[in-house]
Amino acid sequence: MTASAMANASPNGAAVDEAGEAVAGLRSALNAALRGKADVVELVLACLLARGHLLLEDMPGLGKTTLAKALAAAVGGRFARVQCTPDLLPGDVTGFRVYDPKTREFEFLPGPVFADVLLADEINRATPRTQSALLEAMAERQATVDSVRHKLSDGFFVIATQNPVDQHGTYPLPEAQLDRFAVKLSIGYPGRDDERAMLEAAVGDVEDDREPPEPTLGPGRLRSLQDAVARTTVAPTVRDYLVDLGRATRSHRQVALGLSPRGLLIWQRMAQARAFLAGRGYVTPDDVRDVAGPTLDVRLDVEPGAARRVLVDVLASVPVPAR
Amino acid sequence: MTAEEPLGVRATTLAMAAVATTTTALAIAEPGVSPARPLAAVAAWTAAAIAAHAWIGRHGKGRSATTAALLATSSLVPVAVAAARVAWTGRATPLEQALLCSLRNLALGLAAASHEPAAGRLAALASLFLVLASASIADGPAAAWALGAFAILGGVWLALAYWRGLRPMRGEGAPRRSPAGHLAGAFALVGLAVAVTAVGPTRAAVALAGLFPSSGGTDWNDPDARGGVGDGDDEVKGAENPQSIGFADSDAYLDTDRPSLYDAFNDMYGEPSKPKKSERMVALSNPNVVEQRERPAENLRANRQFSAVRRGVARRPGRPAHREAEALLYVDGPTPLHIGLAAYDRFDGRDWSEAARPNIRVAIEPERRAGPWFRIGAPDSRALGGVAAHRIKVAALDSAALPAPPLLRAFRMGEVDRVDFFGWAADGMIAMEGRTIPSSTVVETESAAPDPDGLASLDFPPRVLDADARPLGPAASAWLDAMTRGTPPGWARVEAIVRGLRRDAAPDPKAVAPDDCGDVVEHFAAARRGPDYLFATACAAMLRSSGHSARLVTGLYAAPSRYDAKTRHTPVRREDVHTWVEVRIPCGLWIPVEPTPGYELPGPSPAALAGIWAAFRSAAGRVAGRPVACATLAALALLAVRFRREAADALATLAWRASLRGPSRRGVIRTVALLELRARLVDAARPPGESLRSWYGPLAPAADVGRDLESLLALAEWSLYAPPDADAPSPAGSDPIAACRRAVRAWKRARFRRPSGNMKEST
C-alpha cells in the first residue's frame with residue numbers, strides 16, 4: 001500500500017480513530033521536515049511505534065539530523081545528539097559521577113542516552129567499548145554507571161547513522177549490535193521538485209526566527225500508541241508465514257547468518273506497526289512483505305550486493321497464505 | 001512471471017540440444033553404418049527445432065498449453081513408432097533406444113520453447129541426461145568429441161544463465177559488462193591445451209595423460225566389456241578369432257572344438273547316472289564260445305537320448321575358470337527366447353529318447369525376397385498371434401539343428417539357397433543335413449507367437465492315452481488332481497498344470513534324483529524341487545496323463561537379463577541350457593509351455609497389439625454404423641476442447657453461486673478462489689510467493705471496475721487474517737456478499753489477462 005493510501009486509510013473504531021489522528025499528526029510533522037520521503041517517514045514511524053531503533057546508512061547532508069530533531073519534537077521529548085569519534089568514552093554517552101564540593105557527595109550527571117530521541121551520528125566511528133555501552137541502553141533501556149542502574153526514558157529511541165562510503169578508521173558494528181536495531185534505512189536524495197520546493201522555502205528563513213514546533217503527542221501518548229501496536233492481531237496463518245520466511249533466510253545459499261528469533265520478533269512487531277499505520281487491527285502478509293527489506297537488511301549477513309536478490313528469493317520461495 | 005530468456009542463452013540451449021541429439025544419433029546408429037545418414041537426420045531435427053523456436057518467438061508466446069501438448073506428443077511418437085514396428089514387422093526396437101529418441105524429442109522441443117526460462121533450464125537438464133546416457137552407449141571417438149563439445153557449451157550456458165540471474169541486481173554495483181570476453185578467453189586457454197595435447201610433441205601428450213588416473217586392474221570382470229585393460233570373454237576381436245561378435249555374414253567355415261548341446265548339458269547338469277548292473281559270470285563250455293574277430297559296435301547315442309537322472313555338478317567357487325569366449329549363440333531380437341535344438345518323445349521313467357523321425361509332410365520352400373529365404377508351410381491357426389523376427393549367430397555351438405525359436409515360419413541361413421541342405425531334426429525343428437552349422441553363421445528367423453486367447457478357444461478332441469504315456473505314481477497323481485480340479489479340459493488344463501508346477505515347486509539345480517530312482521516324476525512330486533529338466537519331465541508326464549500330446553524339448557534360453565545394450569544382442573552361454581515342454585494342438589503345431597519358475601515365455605505383445613488393432617477396427621466399424629451420433633459426439637468433443645476454459649469458468653461460477661449461503665467470510669474466500677481460477681484460465685495465475693494484493697492490486701487502478709476488486713481484496717484480507725470479532729472493512733462492510741457478487745460480475749477472465757511484456761518479474 002502506498003503512503004498516501006495509508007494516510008487516507010480510515011481507522012476502525014473510536015479508539016483507533018483517536019490513534020489515527022495522533023499518527024496523522026506525527027506523519028505530517030515528519031513529512032514537513034523531510035520533504036518527498038513519505039515512504040521513509042512511514043518506516044520511521046513504524047520503527048518508532050514498534051519500539052525499535054533505527055539505523056540510517058546514508059551520505060552526509062540528507063536530513064538525518066533534521067529527521068531526528070523533528071521526531072523528538074513531534075513526540076514531545078528531549079533530543080540529544082552524540083557525534084561518535086574514536087576518543088568518545090562510554091561515560092560521554094551514558095553519563096558519569098562527579099564530586100560536588102558543596103554537598104561533599106558524588107553526583108550523577110546523566111549523558112545523552114537519557115534523552116527521548118538520541119541521534120548517534122557516525123556510530124561506526126566509536127570504539128567497540130563505547131558501542132557496547134550504547135548497546136545496553138538500546139536493548140534494555142537502562143544505563144549502568146559505577147554499578148548503579150539508571151532507567152532510561154520510556155520512549156527511548158535511537159537513530160544511529162553511518163556513512164557507507166568512507167570506511168577508513170571505523171569500527172564496523174558487530175552482528176550482535178546490528179540485531180538491536182529494528183531496521184536499516186537509506187533516506188536517499190530527494191526528487192527534483194522537492195529540492196526546488198526546499199530551496200524556495202529556505203529563502204528568507206532565518207534560523208533564530210523559527211518557532212519551536214509544538215509537540216504532536218501529549219505526555220505518555222507515545223507509549224499508549226506503542227501498546228496498541230503490540231496488541232494488533234496476527235492471525236496464525238500469518239505467524240506461520242513469518243516463521244517460514246525466517247527459516248527460508250537461514251537456508252538460503254547466499255546468507256551466511258540467517259534471521260535470529262529476536263529478529264523474527266522485531267519483524268512481527270514491525271508488521272504490526274505497519275498494519276496499525278494503515279488503520280487496520282490485524283496484520284496481512286503484505287504488511288510482513290512491506291517491512292521485510294529494511295528489517296532483514298540490518299541483520300542478514302549476505303554476500304555484498306546480493307541483499308535484494310536474497311530478499312526476492314526468500315519472498316518468492318514461501319507461499320503466501322491465501323486460503 | 002519472468003521475462004524472456006536472452007538470445008545468447010537460448011542459442012546456447014539449442015546448441016546443447018543439437019549436440020545431445022548428435023550423441024544420441026551416434027549411439028543408436030547401427031554398428032558399421034556410415035555416420036552420414038544419422039548426421040543428416042541430426043541436421044534435420046536441429047533445423048526443425050530452430051524453426052519451431054523462431055515460430056514460438058513470433059506467434060507462440062503465452063501458449064504454454066499448446067507447447068506442452070506438442071512436447072508430449074513429440075515425446076510419445078518414438079515409443080508409438082516402436083510399438084507399431086513390432087506390430088507390423090515383428091522386429092522390435094530396444095526399449096532404451098525408443099526412450100532415448102523420446103528424450104531427444106523432448107530436449108529439442110524444450111529448447112525450441114526456451115523463450116521461457118523454465119523450459120530452457122529443463123532443456124539443458126534433458127540434454128545433459130541425454131548426452132551422458134548416449135555417451136555411455138556409443139562407441140568410438142566421435143562420442144568423446146561430442147561429450148567435450150557439450151562440456152564447453154554447458155560451461156558457456158552456465159555462465160550466461162548466471163549472468164542473466166544477476167540482472168535484478170544491476171544498478172546495485174554489479175558489473176554491467178557481459179562476461180563474453182572472459183568466457184572466450186577461458187575457452188581459448190582450454191582449446192589451446194587440447195590442441196597442444198593433440199598435435200604437439202608426443203611427450204607432452206603422454207605427460208598430460210599421465211596426470212589422469214588409469215583404469216588399473218581390479219578384480220571386476222565384465223564378459224561383455226570392450227576396450228580398457230582387457231576385452232571381455234565374449235568380446236573377441238574378429239581379426240583374432242572367427243567367433244567374433246556382430247552379425248556380419250561370414251564365409252569362414254572353420255571347424256573348432258566347439259561344444260555340442262550334449263556337452264553343454266553334461267557340463268551344466270552333470271553326466272547321466274548309469275545304473276550299476278550286477279553281472280554274473282557263467283562259465284560256458286568251450287564249444288559255445290565263438291571267437292569274435294572284429295571290434296564290437298560302438299553305441300553312438302549321443303544327442304539321441306536325454307537322461308532325467310543325472311549326477312549334478314559340484315562347482316568349486318573361487319577358482320578362476322579358463323578364460324575364453326563362452327557364448328554359444330548371440331541373439332538379436334526380442335527376448336526371452338526359447339531356442340529348441342532337440343525334442344524327445346519317449347520316456348521310460350528315467351530317460352527320454354527321440355522317437356523315430358516322424359513322417360513330416362510340411363514342405364520347406366524357397367521364398368522370393370531379399371536373400372535366400374525359406375518358408376515352412378505350416379498350417380495357419382487362430383492360436384497364433386503376431387510374428388517375431390530374430391537373428392541368431394552361431395558362435396561356439398556345435399549343432400546340426402538350426403537354432404531357431406518355436407513355431408518357426410521362415411528362415412534364412414547366410415547365402416545358402418538350396419533346400420536340400422536342410423532336413424528335419426524333429427517335428428517343427430530344422431537341421432542341416434549331414435553336417436553341423438559352421439561357426440559365425442547368422443540365422444535369420446521369423447516365427448509365430450502363440451495367442452493366449454486363441455489357444456483358450458481351441459477345441460481339443462478327447463484323446464485316449466498316448467502309447468508313450470506312463471501311468472503316474474500316487475504322489476504325482478494326487479498333485480495332478482489338485483492342480484486340475486474343476487478345470488475344464490483343453491488348453492485351460494494345460495495352463496493349470498503349468499501354473500501349478502510353477503506355484504508348488506521350487507527350482508533347485510542341486511536337488512537331482514537319486515541314482516537308483518526308477519520314476520523321476522514320482523520323486524519330483526514328493527520332493528517338489530529340482531532342476532528344470534525335472535520340472536519339464538513332470539510337466540510332460542502330467543500333460544500326457546491328462547490326454548495331451550507333449551514332448552520334452554532341450555535347447556537354449558536367451559535371457560533378457562543378459563542383453564548387451566552396446567552391441568544390441570543377447571549372448572547365450574553354456575549356463576543358458578534349458579529344458580521345457582511343447583504341447584501339440586489339434587492342427588499339429590507344437591506350442592511351448594514353460595513349467596520352470598524363473599524362465600518366461602515371450603509376452604503376448606504382438607498379439608496384444610493385434611488386439612488393439614482389432615479393437616480399433618471394431619471401433620471404426622461402429623463409428624461407420626452410426627455416423628450422425630459419432631459426428632455429434634466428435635463435434636461435442638471438439639467444442640469441449642475449444643471451450644474448455646469457458647466451461648470450467650461456468651461450472652466454477654455455478655458452484656460458487658450454490659456455496660454462497662454460508663457465513664460471509666467463507667463466501668468471500670470462495671469468491672477469491674473463483675477469481676483466482678479465472679486468472680489461471682488466462683495463464684495469469686498468482687505465483688505462490690505473491691500475495692493477493694501484490695498480484696491483483698495493480699490491476700485495480702487500470703480498470704473502471706477497480707473499486708470492486710479493491711473492495712474484494714480488502715474483504716479477503718479481513719476474511720483471512722482479521723480476528724473473528726473484527727468488523728468488515730468499509731465500504732463493503734455492510735454487505736460483503738453483495739460486494740462479492742459485484743466483483744464476480746465485473747471481473748471476467750479477460751480482465752485478468754496481462755500483456756506478456758508487462759509481467760511482474762517478482763515481488
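Guide: Before we look at how the chains meet, note that two residues are in contact if their C-beta atoms, placed from the backbone, lie within 7 Å. The model is predicted, so that local features need pLDDT of at least 70 and side-chain atom pairs count only at pLDDT 80 or more, while totals for chains, interfaces and linings use all residues. Residues are numbered from 1 along each chain as its sequence is written, and chains are lettered from A and ligands numbered from 1 in the order in which they are written.

Visitor: How many residues of chain A are in contact with chain B?

Guide: Counted in that way, 26 residues of chain A are in contact with 23 residues of chain B. On the side of chain A that touches chain B, α10 (236-251), α12 (285-290) and α14 (307-317) of chain A each supply at least two residues, and the largest share, six residues, comes from α14(A).

Visitor: What makes R528(B) count as buried, partly exposed or exposed?

Guide: A residue is buried if 20 or more other C-beta atoms, placed from the backbone, lie within 10 Å of its own, exposed if 12 or fewer, and partly exposed in between. R528(B) has 15 C-beta neighbours inside 10 Å and therefore counts as partly exposed. Its place is in the loop between α13 (520-527) and β14 (529-530) of chain B.

Visitor: And why does S440(B) count as buried?

Guide: S440(B) counts as buried because it has 24 C-beta neighbours inside 10 Å. This residue sits in the loop between β11 (429-432) and β12 (442-450) of chain B.

Visitor: What is the phi of each of these two residues?

Guide: Phi of S440(B) is near 70°, and R528(B) has a positive phi of about 55° although it is not a glycine. Most residues other than glycine have a negative phi, and most peptide bonds are trans. There is also a peptide bond to point out, from T335(B) to P336(B), which is cis with omega near 5°; P336(B) lies in the loop between β2 (329-332) and β3 of chain B.

Visitor: How do you know that α20(B) is mostly covered?

Guide: Of its 16 residues, 13 are buried. Helix α20 (residues 706-721) of chain B reaches 22 Å from its first C-alpha to its last, close to the 22 Å expected, where the expected span is 1.5 Å times one less than the number of residues.

Visitor: What makes a set of residues a nonpolar core, and how many residues has the largest one?

Guide: A nonpolar core is a set of buried Ala, Val, Leu, Ile, Met, Phe, Trp, Tyr and Cys residues joined through C-beta atoms within 7 Å. The largest such core has 120 residues, and those with the most contacts inside it include A46(A) and M270(A). Not counting residues up to four places away in sequence, A46(A) touches M270(A), A273(A), R274(A), L277(A) and V291(A).

Visitor: Why are β3 and β18 of chain B said to stand at the edges of their sheet?

Guide: The open sheet has four strands in the order β3-β15-β17-β18 (chain B), with antiparallel pairing. β3 (337-344) and β18 (590-593) of chain B each have a single partner strand, so one side of each is left without a neighbour in the sheet. From one strand to the next the twist averages 40°, where axes are lines fitted to C-alpha atoms, for helices over the stretch in contact, and angles run from 0 to 180 degrees between N-to-C directions. The partner of β3(B) is strand β15 (residues 550-558) of chain B, paired over seven bridges, and H338(B) stands opposite Y557(B) in β15(B). Helix α9 (residues 261-269) of chain B packs on this sheet, touching β3, β15 and β17 (577-584) of chain B, and its direction makes about 115° with that of β17(B).

Definitions and conventions: Pairing = 2+ DSSP bridges.
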